[in-house]
Amino acid sequence: MGAILELYTYLIDAILALPPSTAFAIAVISIPVTYVIANEFVRSAARVPGFKGPRGLPLIGNLGAIRVNAAEKYRQWAKQYGSVYQIQLGNIPILVVNSAAAAKVLFGQNAQALSSRPEFYTFHKVVSNTAGTTIGTSPYSESLKRRRKGAASALNRPSVQSYVGHLDLETKDFVSELLKYGEGGKTAVDPMPAIQRLSLSLALTLNWGTRMASQEEDLFQEITEVEEAISKTRSTTGNLQDYIPLLRLNPFSSGSKKAAEMRDRRDKYLAYLNRGLEEKMAKNAHQPCIQANIMLDKEARLNDVELTSISLTMLSGGLDTLTTLVAWSIALLADRPDIQDKVAVAINEMHSEDVPLCPASDDQSCPYIVALVRELLRYYTVLRLTLPRTTIKDITFEGKHIPKGSIFFLNAWACNMDPEVWTDPEEFRPERWFEKPDAPMFTYGMGYRMCAGSLLANRELYLVFLRMLNSFRIEAHEKIDWHPVRGTSDPSSLVAIPKKYKVRFVPKNKDALEKAITNFRKTGA
């Protein structure tokens with residue numbers, strides 16, 4: 001490295017000794033070329049010894065090759081370089097884990113060592129410099145441990161059971177909206193707004209004790225638009241300035257401007273929601289919710305930034321992953337009447353179409369619905385690359401030394417499609433979970449930073465599909481590409497979102513469904 005600096009200094013001195021016009025012309029050409037050459041030595045030195053992987057291009061590394069469908073590209077590279085290999089995004093080396101066996105060793109046996117997150121410029125320095133980060137995106141710290149403890153107590157099994165009343169109301173309203181906007185099956189509709197309202201209302205209820213009663217409210221439009229945009233700033237491939245620092249100097253950077261705008265808009269509705277809860281608490285008129293419970297818990301000792309972190313976690317978790325999975329699922333089901341038939345048979349063994357709103361107290365007792373949910377989680381893996389990890393101490397993998405501070409990508413998509421686990425990984429087949437009920441699934445991550453909301457998500461997904469598929473026959477209105485790679489609307493996004501589509505929700509027993517919804521409104525149950 002010293003020799004490179006000496007050479008660079010010598011070239012600068014030589015250029016300065018020339019006539020000004022000649023020196024300027026030579027400098028314009030030679031200085032960037034010298035920088036690129038010098039940077040290649042730096043990039044090479046940064047690689048983790050012992051791990052293979054595609055070398056990439058000067059300055060950008062492998063960024064050009066993985067801008068779209070990165071997880072699938074990583075899965076294909078694993079066939080050439082092995083289940084664990086390294087890439088470089090800019091100068092930054094990253095170890096990509098692509099098999100279930102390797103993931104169990106690295107993220108299971110080394111869970112504590114891989115307990116931190118790297119910080120990226122766009123999300124951590126621009127978007128999150130006022131309200132802080134979610135629990136999932138925060139580096140390891142004492143503050144993180146406090147927040148995880150608070151979230152864990154709010155999302156454990158007893159707590160999830162206490163939320164059944166909320167799940168009951170929100171899934172009823174979800175079914176009601178599908179009936180209303182679909183005009184009883186006469187009109188094809190885009191189901192995404194109804195799914196977003198369901199997820200958002202549940203997040204608001206659990207966190208602030210307030211509902212989102214309709215997708216027509218102004219706040220609904222604002223939150224869904226902003227959270228979708230912020231989700232893109234967390235993409236591991238969508239923000240070039242995260243890996244090429246020179247791009248941050250661009251005063252006209254659209255990425256930084258957009259991120260700052262979304263940050264400011266998010267701060268406003270967070271302040272509105274927090275202020276509303278505080279006013280209700282002052283009058284002792286608030287509903288039981290996570291924020292109030294933590295604020296009243298003297299042992300929790302969370303500051304305002306930490307409370308906001310939990311709020312953001314609840315918002316982004318529901319709107320990012322659960323919403324997207326339900327959207328993919330409806331697209332698939334519309335084109336797979338055979339699966340709808342199997343679901344109907346399974347539900348009818350326990351419930352009746354004459355009572356379309358199956359009891360919310362049904363805690364995943366229908367095996368086929370449970371298998372369906374698990375297969376949807378596996379097949380779509382909406383967070384294809386789980387949020388990156390950073391080692392907080394040195395570790396060893398297959399005899400290779402991995403230093404503290406190394407970054408890992410868990411390719412959950414590749415692990416869920418692992419041919420060593422499944423003989424037919426690219427087939428959608430819920431029955432596989434009856435054959436191998438203990439098979440691993442990586443959709444919620446693995447190890448210390450695994451998603452804390454998985455119990456709540458599974459309970460909600462089960463009730464959504466139970467009630468929706470007992471109430472409606474889903475019919476395709478147009479050709480829908482529900483393939484998890486081809487059908488993605490934005491291949492560079494952190495979350496794999498399907499292309500927009502419309503379907504018809506045809507009531508199986510319209511009179512019974514309308515009666516059930518009306519009676520629910522009258523009795524609250």
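In this predicted model, the side chains of Arg-504 and Glu-475 meet in a salt bridge with an N to O distance of 3.8 Å, a salt bridge being a side-chain nitrogen of Lys or Arg within 4 Å of a carboxyl oxygen of Asp or Glu. Arg-504 lies in strand E8 (residues 503-507) and Glu-475 in strand E7 (residues 472-476), so the pair ties together parts that are 29 residues apart in sequence; helices (H or I, at least four residues) and strands (E, at least two) are DSSP runs, numbered from the N terminus. Arg-504 is partly exposed at 24% relative accessibility, and Glu-475 is partly exposed at 33%, where buried means under 20% relative accessible area, exposed means over 50%, and partly exposed lies in between (1.4 Å probe, protein chains only).

Local features need pLDDT of at least 70 and side-chain atom pairs count only at pLDDT 80 or more, whereas totals for chains, interfaces and linings use all residues. Residues are numbered from 1 along each chain as its sequence is written, and side-chain values use heavy atoms, with hydrogens and water left out.

Across the whole structure, 28 salt bridges are found. One of them joins Arg-432 to Glu-375, with the closest N and O atoms 3.0 Å apart. This pair links distant parts of the chain, since Arg-432 belongs to helix H17 and Glu-375 to helix H15 (residues 367-380), 57 residues apart. Arg-432 is buried at 0% relative accessibility, and Glu-375 is likewise buried at 0%.

A further salt bridge, at 3.2 Å from N to O, is formed by the side chains of Glu-426 and Arg-75. Here too distant parts of the chain are linked, with Glu-426 in the loop between H16 and helix H17 (432-435) and Arg-75 in helix H3, 351 residues apart. Glu-426 is partly exposed at 48% relative accessibility, whereas Arg-75 is buried at 13%.

Among the buried residues of H3 are Tyr-74, Arg-75 and Trp-77, and the cover over the buried residues of this helix includes strand E1 (84-89), strand E2 (92-97), strand E6 (407-410) and helix H16 (412-416). Helix H3 is followed by Gly-82, whose phi is positive, near 100 degrees.

With a disulfide taken as a pair of cysteine sulfur atoms within 2.5 Å, the count comes to zero. The sulfur of Cys-366 is 8.8 Å from the closest cysteine sulfur, in Cys-358, and this is too far for a bond. Cys-366 is buried at 1% relative accessibility, while Cys-451 is partly exposed, with a relative accessible area of 37%.

Note on methods
Contact = heavy atoms within 4.5 Å.
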